[in-house]
Amino acid sequence: MDAYHPRPYRRREIPKEDGKVCVISIPAIRDRVVQGALRLILEPIFEADFSDSSYGARPGRSAHEAIEKVCAGLRQGRHRVVDVDLSRYFDTIRHDRMLAKVVRRVVDGDVLAMVKQFLKSTGDRGVPQGSPLSPLLANLAFDDLDHALDRGGDTITYARYLDDMVVLAADTPKGRQWADRALVRIRQEAEAIGVSLNAEKTRLVTITEPGASFAFLGFEYRWERSSKTGRWYASRVPRPKKVIAVLQEVGKILRRSRHLHASGSGAGEPDPAGLGELLSCRQFGDGIRQDQVRGRTQGEATGGQEVQAQEIRLEAVE
């Protein structure tokens, strides 16, 4: 164990829709293999305790299930929404708090030492996006929060996909009280692991109010009236900026591959590593379905109202 030292991560910056960048830290092949094996050992241990409200990067669970849970909560009349936005979640998690959570279930000294080595190889804080071990650690960081909010299951709806989370409660005095308490608990748990909430984007909103909306996993949720039935319902629409950002980055990778083919320096096939890094970025990957990337947008299927298709083609970003 003392002879093994992870190599420095290769860093790649991908622009986000808000003008900032998403940094993907990619381990060397040797370290990726070791981390993958380590995850195979640790994942069953922690999966036994993880909450059913956590959907991100877990076996047999998907972003679509998280989206459906949110839609079900809205159909139940839980219209008071805690819209949470975490600031630099993967980059700021405290290593000591993360290791303390690992120690609760793992006692093997060699395994603990290896986890610590991988964490320290990226600096003093944070877990690297692009690492096979990072999604498991990211879920573990908020496991206490998940179980705390699960205890309000009869009153609130809670769903989390890695660092994207939302809480729904009824728009009643009791429901508003639960929403306020949930936001306080989220802030406490985030600060405990070294992560802060984005003050500008984290908010309490009642979706039934005029012009109100919230975002979750690449969709924007609004309260709209069906033109066919006249009934009000919660619609969900893909956020166009996020879809366009994905298409722009995919277009760059495809153009680079064609350039390599034309110059004779490459095979001309799309770079699978580049595409994988793009889609592994939290800002781009979650909640974007393949049919949306092909140019179709969909609203709430049960609302009786079709959202006009917004044609987005690769030629538009060439």
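**Cavity, helices and sheets**

Analyst: Happy to, and let's begin with the cavity: the lining of the largest cavity has 7 nonpolar, 3 polar and no charged residues. Keep in mind that this is a predicted model.

User: How many cavities of 30 Å³ or more are there?

Analyst: The count comes to 1 cavity of 30 Å³ or more. The largest cavity has a volume of about 50 Å³.

User: And which residues lie nearest its centre?

Analyst: Those are F118, P128, S131, S134 and L137, out of 10 residues that line the largest cavity. Helix 5 (109-120) and helix 6 are the elements that each give two or more residues to that lining.

User: Okay, helices then. At what angle do helix 4 and helix 6 cross?

Analyst: Helix 4 (residues 95-103) and helix 6 (residues 134-141) cross at roughly 90°, and their axes come within 10 Å. Helix 4 is therefore roughly perpendicular to helix 6.

User: Which residues make that contact?

Analyst: From helix 4 you have M98, K101 and V102, and from helix 6 there are L137, L140 and A141. Sorted by class, this contact has 5 nonpolar, no polar and 1 charged residues.

User: Nice link! Switching to sheets: what is the strand order in the open sheet of 4 strands?

Analyst: The order is 5-6-3-8, and the pairing is antiparallel. Strand 5 (156-161) and strand 8 (203-206) are the edge strands, each pairing on one side only. From one strand to the next, the twist averages 15°.

User: How many bridges join strand 5 and strand 6?

Analyst: Strand 5 and strand 6 (residues 164-169) pair over 6 bridges, in the antiparallel sense. As an example, T157 has L168 in strand 6 as its bridge partner.

User: Which helix packs on that sheet?

Analyst: Helix 2 (residues 63-75) does, touching strand 5 and strand 6. The direction of helix 2 makes about 160° with that of strand 5.

User: Last one: which residue is the bridge partner of S213?

Analyst: R222, in strand 10. Strand 9 and strand 10 (residues 219-225) pair over 4 bridges in the antiparallel sense.

Definitions and conventions. Residues numbered from 1 in each chain as written. Predicted model: local features only at pLDDT ≥ 70, side-chain atom pairs only at ≥ 80, totals over all residues. Heavy atoms only, no water. Axes fitted to C-alpha atoms, helices over the stretch in contact; angles between N-to-C directions. Parallel < 35°, antiparallel > 145°, perpendicular 65-115°, else oblique. Contact = heavy atoms within 4.5 Å. Nonpolar A, V, L, I, M, F, W, Y, C, P; charged D, E, K, R; others polar. 1 Å grid on protein atoms, 1.4 Å probe; cavity = no way out; pocket = protein on both sides within 12 Å on 5 of 7 lines; lining within 4 Å. Points joined across faces, edges and corners; volume = space filled by probe spheres on them. Pairing = 2+ DSSP bridges.
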